[in-house]
Amino acid sequence: MSWAFLRDLLSGVNKYSTGIGRIWVAVVFMFRLLVYVAAAENIWKHEHDEFECNIKQPGCENVCFDHFFPVSHIRLWALQLIMVSTPSLLVVFHVAYRENREKHHNQKLYKNPGKIDGGLLCTYLISLILKTGLEIVFLVLFYKLYNGFKIPRLVKCDIKPCPNTVDCYISKPTEKMIFLYFLVATSCLCIVLNIGELSYLIFKYSIKCYLKRHVKKQQ
Amino acid sequence: GALHTILGGVNKHSTSIGKIWLTVLFIFRIMILVVAAEKVWGDEQDDFVCNTLQPGCRNVCYDHFFPISHIRLWALQLIFVSTPALLVAMHVAYRRHEKKRQFRKGDQKCEFKDMEEIRKQRFRIEGSLWWTYTSSIFFRLIFEAVFMYAFYFMYDGFRMPRLMKCNAWPCPNTVDCFVSRPTEKT
């Protein structure tokens, strides 16, 4: 799976971010994308083939696998990575829109199209809120779908066409659990970084606004 | 590809021993991991054979002996060990950004003629950059030690045995399980 597009997107986003934003990009890239591509993808590669049930009844294994894994962990992880990186596109689009406007009117409308102020600040804040929201949504989804972040070695299944209850064994449960915890830890780190950046920006610009108003009053 | 570009960027601002470290890392570790090791560990679960027909016994025994695969631990180790170098790259970028800001404001102290010179400038390792560089080396050492210990602890030394005896449920009694390519992995 070629993730080059995400890498290019993230490097484009890097230009218009604050310092904390750049740390977020680095964390997402090194600890999430790279770990996904280099390590995690291979663990879940043959999960269906290696899922073994103690029965010869045709169809039973398929049905049990589908019951316990409606969406595979690794697909959810990939979706999360994509959704979480996308709000940053809003900022890139807004800067491109500003530059386009300047070109269209053929005059310098903005002191610096890439500087975070005015409308771009709103877009940036919205993108931060969206990113944090999506992270939380996916974490909750993981938790609800899989009853916590544990992966048991053995699951008991009794759906038709399985006669009675059969034992089904999941492959590599410990390794999957370790990487799942890793995913949760990096998600939480990203949430913390996003909230930090949000508070920093709000604080900085409210101070700026307050000072401007104070200066105006004095004049 | 991306790790390569990042490490190349770090290369510019390292000492000569740092450059040797980067070369070793790249050629002897990353390339070997990608080119050779992945194939050696590629079929590890498929070729892990246990002397029993009991369904599920193989899965459970494999999981018991390999809580996390060597190759994944190796990849994680490489990622963690390369990360402190990022810190140095970020610090350099920050310094460069500050110089650019000074230059744009038309500061008298700034001695560069144009932006190109600033971009190409090689920073000397002094002041706060020295602290960043030293702490990055320190963290690299810590991560290497932690991962080596994790390898040693999880796999009882660095040898890969040919035969493991397993009696986790649902295996009836003790079964013999055979690891694929133990010598090559060792």
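Is B:C166 buried or exposed? I began my notebook with that, keeping in mind that this is a predicted model. I found B:C166 buried, with a relative accessible area of 2%.

**Entry: the partner of B:C166.** I looked for its bond next and found a disulfide with B:C61, the sulfur atoms 1.8 Å apart. The torsion about the S-S bond is -85 degrees, and the link is left-handed. I placed B:C61 in helix α3 and B:C166 in strand β2 of chain B, 105 residues apart. B:C61 counts as buried too, at 0% relative accessibility.

**Entry: another link in chain B.** I then checked B:C50, which is joined to B:C177 with an S to S distance of 1.9 Å. Here the torsion is about 105 degrees, so this disulfide is right-handed. B:C50 sits in strand β1 and B:C177 in strand β3, so the pair ties together parts that are 127 residues apart in sequence. B:C50 is buried at 9%, and B:C177 is buried at 0%.

**Entry: over to chain A.** I saw a disulfide between A:C64 and A:C157, and both cysteines are buried. The torsion is about -85 degrees, so I noted it as left-handed.

**Entry: the overall pattern.** I counted 6 disulfides over all chains.

**Entry: cysteines without a bond.** I found A:C122 in no disulfide, with the nearest cysteine sulfur, that of A:C209, 11 Å away. A:C122 is partly exposed at 48%. A:C190 is buried at 0%, and its sulfur is 9.4 Å from the closest cysteine sulfur, in A:C188, too far for a bond.

Notes: Residues are numbered from 1 along each chain as its sequence is written. Chains are lettered from A and ligands numbered from 1 in the order in which they are written. This is a predicted model: local features need pLDDT of at least 70, side-chain atom pairs count only at pLDDT 80 or more; totals for chains, interfaces and linings use all residues. Side-chain values use heavy atoms; hydrogens and water are left out. A disulfide is a pair of cysteine sulfur atoms within 2.5 Å. Buried means under 20% relative accessible area, exposed over 50%, partly exposed in between (1.4 Å probe, protein chains only). Helices (H or I, at least four residues) and strands (E, at least two) are DSSP runs, numbered from the N terminus.
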